[in-house]
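Here is a walk through one model.

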Amino acid sequence: MTTEMKLHLARYMKYLDEGRNVLVITGNVDEILISRHLYEQRHGINSADGDTQQRLLNVCALAATSLSDRESWGWTLTLNGSDEGYFVGMEPEGMICTRQKPADPNMNRVYLQRQKNDGPLMQSHFEPKTDCPVKTIEQYFNEVVQTQTRVAVHGKTGVLVQALPNADFSALEEMDDKRVVQLFTQKEANGELKQLQEFLVFYECRCDEEMIYKMVDQLPDVQKNELFADQNTIEVECPRCGRNYTATRNDTPN
């Protein structure tokens, strides 16, 4: 593998805290941000790199690591008062990508698509109670999945804690995010947590020419003709990562 194509892998760890009887997921987004920069540099993508996207990449990786079985996840978030909407895609092998686009600031909605292997596509949506991306993902687990969950991010380090039966959870709800992160990263460093699983996360998109051409070909003929107009080629942007492709009428499948 060449230096340019080296994968920067972020280690997200799943533990059992036997004292509190909770599952603990820890991770640091640094390597994901590095691999994102290299991916966008490689494909000529100019994107914003705000705090919200950074935190979303972190908490969505934490959420995926919490699963017993790997799944494809697609988060679409529009948080109240924000004129930017966000997408985060997560694949079973650890691939993650994100996209930021203009949105209606009066829209307040989160949509999630989940799919395990070749199983049915499961969709859910809810109205977030906060404009904080971390608390929004926490709300998903507490209200939609109905699993008592605490999510905290401090700097580039994140922690997700989920209650097991008879868990000692009340103290965690009273701590601020910084204290929760410090508590469990210290326990991790001291070897006080039982390791269950490691999940390696890296920034990449599953898009390729075939996927984009198929997306264009599946458009209704009227819409396709409007898209091409009198041109033989058009630029098509991947909705997941923002990578540009050139599609021609002959390129789209028959």
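A disulfide here is a pair of cysteine sulfur atoms within 2.5 Å. By that rule the count is 0 disulfides. This is a predicted model, in which local features need pLDDT of at least 70, side-chain atom pairs count only at pLDDT 80 or more, and totals for chains, interfaces and linings use all residues. Residues are numbered from 1 along each chain as its sequence is written, and side-chain values use heavy atoms, with hydrogens and water left out.

Take Cys 97. It is in no disulfide; its nearest cysteine sulfur belongs to Cys 205, 4.1 Å away. Cys 97 is buried (under 20% relative accessible area, with exposed over 50% and partly exposed in between; 1.4 Å probe, protein chains only), at a relative accessible area of 1%. Cys 241 is in no disulfide either. For Cys 241, too, the nearest cysteine sulfur is that of Cys 205, at 3.7 Å. Cys 241 is buried, at 0% relative accessibility.

Now the helices, which are DSSP runs (H or I, at least four residues) numbered from the N terminus. H1 covers residues 30-42 and H2 residues 51-65. They pack at about 120°, axes 10 Å apart. Axes are lines fitted to C-alpha atoms over the stretch in contact, and angles run from 0 to 180 degrees between N-to-C directions. H1 is therefore oblique to H2: the angle is not under 35 degrees (roughly parallel), over 145 (roughly antiparallel) or 65 to 115 (roughly perpendicular).

Which residues make the contact (heavy atoms within 4.5 Å)? H1 brings Ile 32, Leu 33 and Arg 36. H2 brings Gln 53, Gln 54, Leu 57 and Ala 61.

Conventions: Helix = DSSP H or I, 4+ residues; strand = E, 2+ residues; numbered from the N terminus. Contact = heavy atoms within 4.5 Å.
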